[in-house]
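Have a look at the fold first.

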Amino acid sequence: MFDGPWESCMSVRGLDPSECASWVQAWGTVFAILVSVLIAVGVQHLEARRANRSKIEEENRLLRLMGQFVFDVRAKLRHIEELEIPQRYTQWGPINSSIAALRAIPLEKHPVERVAFRIAIALQGYDFMREEYDKIGDSLGTFDEVQKVGNARGHTLTAFFNAEKLIEEVLAKRGSGLLRTKIDFPNGVSICTLEADPIQPD
């Protein structure tokens, strides 16, 4: 049996006390370096997880925000659809506010699955629909003009509803979802989040 660590070191390694001290110090340094590396790797892993969680939370926040604006536009378009003479609608201000808000969201920085593409399609449909409305102007419109406006409105409604559904699907996969909202209009029309539209464009 050895009397202590120094005796063990000298007996096993055949080293004198000075060499033994250097040997122990060298291994202590190696051990300290390994511990430091493990701590650094652990900290980096933790920071990466936090960054990824923050990114997902920010994307979810933007998705819910986009979903609210998409639903708002769709609900107002449904309200127009139920008017007696929908082709004469001119109060575009409230809808344009939601459209502008959607355009202001940096979709290119958050290309979440196919959401950015679906919203771009819906916005393109809205622009086309407004062009058809502008062709009618203040008149009642010819039969063909009224039909084109109606079809454009129907296609735009469908595009916004598809965007709304996709946003809900993406959020559901992440354990979240759109806020369920109901909008009541003066003409008795009530529109709810994710409620399919009865309008089928030609």
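Of the 202 residues in the protein, 35% are buried (under 20% relative accessible area with a 1.4 Å probe, protein chains only). Keep in mind that this is a predicted model: local features need pLDDT of at least 70, side-chain atom pairs count only at pLDDT 80 or more, and totals for chains, interfaces and linings use all residues. Residues are numbered from 1 along each chain as its sequence is written, and side-chain values use heavy atoms, leaving out hydrogens and water.

The protein has five helices and two strands, running α-α-α-α-α-β-β from the N terminus. These are DSSP runs (helices H or I, at least four residues; strands E, at least two).

Now for the nonpolar cores, meaning buried Ala, Val, Leu, Ile, Met, Phe, Trp, Tyr and Cys residues joined through side-chain atoms within 4.5 Å.

| Core | Size | Residues include |
|---|---|---|
| Largest | 34 residues | Met66, Ile119, Phe160, Ile167 |
| Another | six residues | Ala75, Ile183, Phe185, Ile191 |

Setting aside neighbours within four places in sequence, Met66 is in contact with Leu102, Ile105, Leu107, Val115, Ile119 and Ile167, where contact means heavy atoms within 4.5 Å.

How values were computed
Buried < 20%, exposed > 50% of the residue type's maximum accessible area, 1.4 Å probe, protein only.
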